[in-house]
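Let's take a look at how this one is packed and where it leaves gaps. Have the sequence and the 3D view ready.

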Amino acid sequence: MRYFIENSPRTIFWALALAGTCLAIGATTITDFDLWWHLKTGEIIWLWRQIPKFDIFSYTAGGNAWVNHEWLFQIISWLLYSKIGVNALVCLKLSLTILLTICLFKTFDLLANSKSAALWGCVIVLYGSADRILERPHLFSMVFIAFYCLSLHRFGNCVTTQKDCHPCESRDPNDNGNLWILPIIQVVWSNIHGGAIFGCELIIAFTIGETIQYFFAGPTPLSKNKLHHLWTISAASVLALCINPSGIDILLFSASHLKMQAILEHTQEWLPVLDPRFDGIVPQIIFRIILVATLISYLVNRKNVRLSH
């Protein structure tokens with residue numbers, strides 16, 4: 001790790017490296033068959049001016065209740081496809097990949113204070129996620145999760161000691177930053193993908209971690225004002241999650257997947273990380289390495305790790 005921190009590449013190098021990684025992963029042909037179902041649903045919603053509440057496609061389950069938590073993504077995709085063409089969807093995927101990369105790079109740079117470490121971190125994480133960079137609504141969730149992590153780390157990092165101060169930490173310790181943007185994003189997210197529940201979980205987990213650290217000591221706990229702000233944002237985000245056509249049903253729908261054996265056994269995003277079917281997939285192998293490296297990093301830096309991490 002010291003090599004990557006002490007041997008910083010020139011700005012042009014890491015900029016080109018990140019751009020090349022984004023192009024290699026994001027500017028790819030469409031391979032996911034679910035896209036066409038999303039496009040047809042978006043067309044129906046746009047023409048009917050309403051979101052179907054019952055299954056209109058399935059032969060065996062037609063008429064069953066349908067919680068469509070991806071309706072906004074479907075409309076966006078349909079409008080891009082109908083007005084511009086299929087290449088617009090590839091451009092959307094590339095744009096989201098670039099946003100994901102920016103959030104990752106800024107987060108790594110914030111925590112490591114090294115653009116070189118940030119570069120390598122981005123490249124490794126992006127290739128570890130390559131098989132999930134698809135024209136599907138979960139790509140929005142990936143971007144939002146990265147942005148939430150960046151925002152929360154910025155919020156927490158602004159209380160480190162002057163000795164280790166990053167440019168971000170020069171602000172007033174009681175400055176609440178821009179966390180009010182998170183509940184606003186939460187409203188949009190909850191209408192794009194059911195993964196919006198992870199946004200609330202991230203904020204609440206971060207808040208609980210910082211609260212425990214405040215009462216039981218640890219490295220530079222947050223001020224009481226900042227903790228109050230975090231709990232307010234947590235509550236606002238939970239309320240924002242329910243601002244969608246299905247209301248609280250979006251939470252129940254996500255939980256219902258845990259009872260669907262077919263989905264748990266055959267859908268990639270629901271399979272365990274160590275499932276043997278992933279053994280030959282390079283991105284999944286990289287992902288496993290990242291998990292192990294993360295655990296080792298926590299052990300090595302255990303004295304400086306914040307509970308919110």
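Q: How do the residues lining the second largest cavity divide by class?
A: First, some ground rules: this is a predicted model, where local features need pLDDT of at least 70, side-chain atom pairs count only at pLDDT 80 or more, and totals for chains, interfaces and linings use all residues. Residues are numbered from 1 along each chain as its sequence is written, and side-chain values use heavy atoms, with hydrogens and water left out. Ala, Val, Leu, Ile, Met, Phe, Trp, Tyr, Cys and Pro count as nonpolar, Asp, Glu, Lys and Arg as charged, and the others, Gly among them, as polar. Sorted that way, the lining comes out as 5 nonpolar, 2 polar and 1 charged.

Q: Which residues line the second largest cavity?
A: A cavity is a set of points on a 1 Å grid over the protein atoms alone where a 1.4 Å probe fits but cannot get out, and lining residues have an atom within 4 Å of a point. The space in this one is about 30 Å³, a volume being the space filled by probe spheres set on the points, which are joined across faces, edges and corners. Its lining is made of Ile51, Pro52, Lys53, Trp66, Val67, Asn68, Pro245 and Ser246.

Q: What is the volume of the largest cavity?
A: Searching the whole structure turns up 2 cavities of 30 Å³ or more. The largest is lined by residues including Leu35, Phe73, Ser77, Leu89, Leu92 and Arg136, and its lining divides into 7 nonpolar, 1 polar and 3 charged. Its volume is about 60 Å³.

Q: Which helix gives the largest share of the lining of the largest cavity?
A: Helices are DSSP runs (H or I, at least four residues), numbered from the N terminus. Both α4 (71–83) and α5 (86–112) supply at least two residues of that lining. The largest share, 4 residues, comes from α5.

Q: Why do α4 and α5 count as oblique to each other?
A: Axes are lines fitted to C-alpha atoms, for helices over the stretch in contact, and angles run from 0 to 180 degrees between N-to-C directions. Angles under 35 degrees count as roughly parallel, over 145 as roughly antiparallel, 65 to 115 as roughly perpendicular and the rest as oblique. The α4 and α5 axes come within 6 Å and cross at roughly 135 degrees, so the pair is oblique.

Q: Which residues make the contact between α4 and α5?
A: Contact means heavy atoms within 4.5 Å. By class, this one has 6 nonpolar, 1 polar and no charged residues. The residues are Ser77, Leu80 and Tyr81 of α4 with Val86, Ala88, Leu89 and Leu92 of α5.

Q: How are α7 and α8 oriented to each other?
A: Helix α7 (residues 138–157) and helix α8 (residues 181–189) pack at about 170 degrees, with axes 11 Å apart. That angle makes α7 and α8 roughly antiparallel.

Q: Is the crossing of α9 and α10 left-handed or right-handed?
A: The axes of α9 (residues 197–216) and α10 (residues 224–241) come within 9 Å and cross at roughly 160 degrees. A crossing is left-handed if the near helix is turned anticlockwise from the far one by less than a right angle, and right-handed if clockwise. Here the crossing is left-handed.

Definitions and conventions
1 Å grid on protein atoms, 1.4 Å probe; cavity = no way out; pocket = protein on both sides within 12 Å on 5 of 7 lines; lining within 4 Å.
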